[in-house]
Amino acid sequence: MPTDKEILNQLHNDPSNWVWGVFYFNKKDKRVFPPKRTPQLGWTINFANPYSIVTFAVLIAAIIIIA
């Protein structure tokens with residue numbers, strides 16, 4: 001029986017969950033910030049998770065306000 005981490009890795013590695021190979025979109029993955037395809041480069045946003053959209057908007061707004 002696969003563990004949760006193995007299932008997340010399978011979902012993450014599935015090319016159909018990557019739009020244009022850059023944007024991660026997976027409704028089954030509840031992570032807001034999953035790792036990028038190359039984990040050494042950091043994290044990306046799961047655009048299928050509504051909380052990630054709100055988090056992304058707040059982050060962009062904070063950057064605009066600070067700038």
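This is a predicted model: local features need pLDDT of at least 70, side-chain atom pairs count only at pLDDT 80 or more; totals for chains, interfaces and linings use all residues.
Start by selecting His-12: with a relative accessibility of 8%, this residue counts as buried, because buried means under 20%.

**Stop 1: around His-12**

His-12 sits in helix α1. Now show its neighbours. Leaving aside residues up to four places away in sequence, His-12 touches Trp-18, Tyr-24, Arg-31, Pro-34, Pro-35, Lys-36 and Arg-37. Three of these neighbours, Trp-18, Tyr-24 and Arg-31, will come up again on the tour.

**Stop 2: a pair of rings**

How many aromatic pairs does the count come to? There are four. For one of them, select Trp-18 and Tyr-24: their rings form a tilted pair, 4.9 Å centre to centre with 50° between the planes. Are these two residues buried or exposed? Trp-18 is buried at 7% relative accessibility, and Tyr-24 is buried too, at 0%.

Next, select Phe-47 and Phe-56, which make an edge-to-face pair, 6.3 Å centre to centre and with 75° between the planes. Phe-47 is partly exposed at 28%, and Phe-56 is partly exposed at 33%.

**Stop 3: Trp-20 and the surface**

Stay with Trp-20, which lies in the loop between β1 (18-19) and β2 (23-24). Its relative accessibility is 75%, so Trp-20 counts as exposed. Look at its backbone as well: phi of Trp-20 is near 55°, a positive value in a residue other than glycine. Most residues other than glycine have a negative phi.

Together they make a nonpolar surface patch of about 550 Å².

**Stop 4**

Asp-29 is buried, with a relative accessible area of 1%, whereas Arg-31 is partly exposed at 23%. Arg-31 is also one of the residues that His-12 touches.

**Last stop: confidence**

Zoom out and colour by pLDDT. The protein has a mean of 87, and 96% of its residues reach 70 or more. Which helix has the lowest confidence, and which the highest? Helix α1 (residues 4-13) is lowest, at a mean of 82, and helix α2 (residues 50-66) is highest, at 92. His-12, where the tour began, belongs to helix α1.

Key:
Residues are numbered from 1 along each chain as its sequence is written. Side-chain values use heavy atoms; hydrogens and water are left out. Patches are made of residues with over 30% relative accessible area and no salt bridge: like charges are joined within 9 Å, nonpolar side chains (Val, Leu, Ile, Met, Phe, Trp, Tyr) within 5 Å. Accessible areas come from the Shrake-Rupley method with a 1.4 Å probe; for residues, only the protein chains shown count as cover. A salt bridge is a side-chain nitrogen of Lys or Arg within 4 Å of a carboxyl oxygen of Asp or Glu. Helices (H or I, at least four residues) and strands (E, at least two) are DSSP runs, numbered from the N terminus. Buried means under 20% relative accessible area, exposed over 50%, partly exposed in between (1.4 Å probe, protein chains only). pLDDT is the predictor's confidence in each residue, from 0 to 100. Contact means heavy atoms within 4.5 Å. Rings of Phe, Tyr and Trp (its six-membered ring) pair if their centres lie within 6.5 Å; planes under 30 degrees apart count as stacked, over 60 as edge-to-face and the rest as tilted.
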